[in-house]
Amino acid sequence: MQIVPESVTKLWNEWELRVMVLFSLILQSFLILMGKRRKYSSTNWVRIILWIAYLSADWVATVSLGVLSYKSGYLKGSSSKADHVISAFWAPFLLLHLGGPDTITAYSLEDNELWLRHLLGLAIQVGVVFYVFFRAWMSIALNFMVIPVFISGIIKYGERIWILRYTSSEHFRDSVLRKPDAGPNYARYMEEYGSKEREGFKVSSGPVIAVPTEGDTSYAAARDDTDQTFLLEKALYFYETFRQLCVDLILSFEDILNSQSFFQNISCEKAFEVIEIELGFMYDVFYTKAVVIYSFVHGFLGRFSLCCISLRCISFISIISTFVAFLITEKQAYSTVDVIITYVLFAGAIVLELYAAILLPCSDWTSVWLNKHKNRVVPLLCRAISSIQSTKEKRWSNTMAQYGLIRFCLRDKPAKCSFIQKGLCIYEILEKHRYKYSKNVPPELKKLIFDLSLEKSMRASNFKACKELCACRGDQVLKHANFLDPISNENRKTLEESVEVEFDQSILLWHIATDLCYYSDKNANSASFNGTNCKASKLLSGYMLYLLVMCPSMLPNGIGLIRFRDTCAEANEFFKGRKSISDVNKACTRLLQVKTNIPPSEVKGDRSKSVLFDACRLAKCLQSLPRENSENDKMWELMSHVWVEMLSYAANQCRWNLHGQQLRRGGELLTHVWLLLAHLGITEQFQISQGHARAKLVVH
């Protein structure tokens with residue numbers, strides 16, 4: 001018994017290849033339109049849809065070539081041969097599709113490491129296309145017209161593989177390494193030294209140390225730091241210097257000095273804007289075809305730039321010329337449907353190339369180039385670009401995810417169709433995401449981070465000081481807080497221990513304590529509740545817990561998830577016996593009412609890693625600080641400064657590959673703080689240098 005009717009099977013056999021070729025074109029169109037959106041969108045649905053489209057695009061094009069080669073072996077009659085000739089004409093278009101759009105070459109950094117696999121795929125797919133050509137060859141005009149499109153397809157596919165290879169960790173490291181520096185000629189110096197000594201002279205070595213390099217502050221007099229084009233130039237300059245951090249190389253002392261001299265003399269808004277642009281350049285290089293399409297930024301006459309531009313022109317001209325030839329070619333022998341699909345493929349290829357050309361001027365790379373080559377035409381181009389760009393392009397999501405332990409334990413957002421989720425074993429994963437939400441990063445928080453980082457930068461006078469500053473995670477704030485004198489020794493000890501324990505434990509302690517203090521002040525209608533420090537503490541508290549729960553790999557190694565689960569278990573047990581607790585506010589109030597005179601570890605031991613009531617003790621210690629009924633309350637000032645120091649510590653400890661992964665997820669505040677700290681010299685990735693020394697030979 002036949003399950004699928006014969007008429008349906010026949011219809012599918014007739015339309016199978018047509019549908020897949022058109023679907024491949026649709027996927028390419030979707031990727032070029034949506035590929036760059038993930039740069040500034042942190043929503044999950046954008047990532048999921050792009051991931052499906054990215055994987056499906058290669059799969060559909062590959063399967064379509066497989067279907068073509070399969071049908072090549074079953075040709076019966078002249079009409080079948082003619083139909084196969086025009087369907088074989090689609091093969092090079094599938095190579096074009098495998099080349100991918102300009103807006104997305106790699107979905108993740110791991111894709112760049114798989115360039116060899118793609119190279120093997122190119123060899124196989126080109127072989128398949130040759131086989132299809134060979135089977136369909138009839139020495140007619142259509143057979144010869146395939147050749148230019150085939151060349152274009154090889155160029156596009158080869159371009160993608162070259163970019164994947166260039167941005168793989170090994171080859172990218174090679175591209176950013178500086179020229180080897182052998183230093184002064186020691187052997188020649190010693191030969192001269194020995195020669196003079198043999199002649200009977202008394203010889204000594206007198207070292208002459210070059211004056212240490214000073215930071216370049218000339219920009220302050222030359223340019224106004226509000227000039228957008230100037231910020232773009234500086235961002236590109238710093239990108240080309242600090243991209244060494246992307247492959248775990250070290251910066252020179254001069255690099256740090258130049259960066260410090262710039263960032264220590266501009267406003268917070270401009271500093272973060274430069275970092276946004278710089279991280280945008282990094283995203284473009286690692287995830288798009290920016291290396292090729294913006295090769296002209298460093299000059300049109302360079303060999304690499306000329307090669308890229310020439311190949312692109314050849315590719316586009318090949319498609320246009322073949323399209324014109326196809327228009328005037330006799331097509332009566334072919335199916336009308338197949339001819340229409342061929343026109344659609346041509347139109348799609350041309351429109352996608354034109355769309356990519358339209359996007360070309362609407363980028364920071366092009367703006368930098370235009371600013372370097374000012375003439376009469378440039379203002380006209382700038383006005384044309386402004387008319388194309390209806391709104392200012394977003395460079396990142398400018399959001400910070402939030403997570404609340406107490407809110408998570410109260411389960412105030414019940415799951416829909418939970419039995420289905422449990423059956424698919426995805427309930428726990430979705431439950432975590434259900435309690436995650438995002439908030440915009442306010443300018444006040446950026447200013448707080450910048451001001452405290454700038455203050456640290458002034459103290460980073462040498463490598464030892466930098467290392468100490470990078471290791472701070474709240475202890476320096478407590479050390480320099482002069483208003484802690486009135487509190488008891490026991491409370492002081494509790495505060496100090498809260499930042500000396502393992503980092504994940506500190507995050508949980510301070511997160512719960514922040515929530516308890518926050519809702520306590522809210523209920524008391526305290527003026528400090530509306531202060532900048534209070535809001536910043538609440539935001540950073542939720543953000544750091546989000547990193548601990550959802551992105552634990554971005555934090556130092558530890559047992560953070562075990563502590564989180566144990567703390568949730570103890571909180572659930574506490575809330576279960578008190579039915580009146582229905583929201584976070586009431587939960588915090590009841591937790592603060594628990595007496596914590598005896599340390600929890602003395603009562604429970606240390607088998608459970610829960611820190612719930614240790615956090616209650618910390619909250620009460622913080623509330624014992626001298627308080628002011630104003631927005632400048634000392635308690636919230638201390639808490640916000642501790643959170644910023646914890647954020648800075650986490651940013652410095654996180655490796656580049658994890659920062660780089662976040663660029664495709666809308667960006668992460670932690671990544672921006674990491675680069676800001678590096679620019680201010682608060683990083684361990686630089687070498688101490690006293691400059692080039694030239695020893696002078698002293699002959700007596």
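Me: Which residues do ring pairs link into a cluster?
Reply: Trp162, Tyr166, Phe172, Phe286, Phe304, Trp656 and Trp674. Keep in mind that the model is predicted.

Me: How many aromatic pairs does a search of the whole structure find?
Reply: The search finds 38. Phe130 and Phe150 form one of them.

Me: Why is the pair of Phe130 and Phe150 called edge-to-face?
Reply: The ring centres are 5.2 Å apart, and a pair needs them within 6.5 Å. The planes stand at 70°.

Me: What parts does the pair of Phe130 and Phe150 tie together?
Reply: Phe130 belongs to helix α6 (residues 115–136) and Phe150 to helix α7 (residues 141–166), so the pair joins parts 20 residues apart in sequence.

Me: Are Phe130 and Phe150 buried or partly exposed?
Reply: Phe130 has 48% relative accessibility and counts as partly exposed. That label covers values between 20% and 50%. Phe150 has 8% and counts as buried, because buried means under 20%.

Me: Why is the pair of Tyr294 and Trp365 called stacked?
Reply: The centres lie 5.7 Å apart and the planes are at 5°, so the pair is stacked. The cut-off for stacking is under 30 degrees.

Me: Where do Tyr294 and Trp365 lie?
Reply: Tyr294 is in the loop between α14 (290–293) and α15 (303–328), and Trp365 is in helix α17 (residues 364–372). The pair therefore ties together parts 71 residues apart in sequence. Tyr294 counts as buried at 8% relative accessibility, and Trp365 counts as buried at 7%.

Me: How do you know that the charged end of Arg473 sits over the ring of Tyr649?
Reply: The charged end of Arg473 is 5.9 Å from the ring centre of Tyr649. The distance limit is within 6 Å, and an angle limit applies as well. For Lys538 over the ring of Tyr518, the distance is 5.3 Å.

Me: What makes helix α33 (residues 656–663) largely enclosed by the rest of the structure?
Reply: Six of its eight residues are buried, so the label follows from that count. They are Trp656, His659, Gly660, Gln661, Gln662 and Leu663. These residues pack against α5 (109–113), α13 (268–287), α32 (634–653) and α34 (669–679).

Me: Which residues touch the most other members of the largest nonpolar core?
Reply: Phe263, Trp510, Met544, Phe575, Leu622 and Leu638 do, in a core of 150 residues. Helix α13 gives the largest share of this core, 13 residues. A second, separate core has 56 residues, including Ala53, Val85, Leu95 and Val132.

Me: What is Trp510 in contact with, leaving aside neighbours within four places in sequence?
Reply: Among its contacts are Leu495, Val499, Ser541, Leu622, Trp643 and Met646.

Me: How many residues of the protein chain count as buried, as a percentage?
Reply: Of its 700 residues, 51% do. The chain has 34 helices and four strands.

Me: What is the mean pLDDT of the protein chain?
Reply: The mean is 85, and 88% of residues reach 70 or more. Over residues 217–225 the pLDDT is below 50, although the stretch has 16 contacts in the model beyond near neighbours in sequence. Where pLDDT is low, the predicted coordinates should not be read in detail.

Key:
Residues numbered from 1 in each chain as written. Predicted model: local features only at pLDDT ≥ 70, side-chain atom pairs only at ≥ 80, totals over all residues. Heavy atoms only, no water. Phe/Tyr/Trp six-rings, centres within 6.5 Å; stacked < 30°, edge-to-face > 60°. Helix = DSSP H or I, 4+ residues; strand = E, 2+ residues; numbered from the N terminus. Buried < 20%, exposed > 50% of the residue type's maximum accessible area, 1.4 Å probe, protein only. Lys NZ or Arg CZ within 6 Å of the ring centre and 35° of its normal. Contact = heavy atoms within 4.5 Å. Core = buried A, V, L, I, M, F, W, Y, C linked by side-chain atoms within 4.5 Å. pLDDT = per-residue confidence, 0-100.
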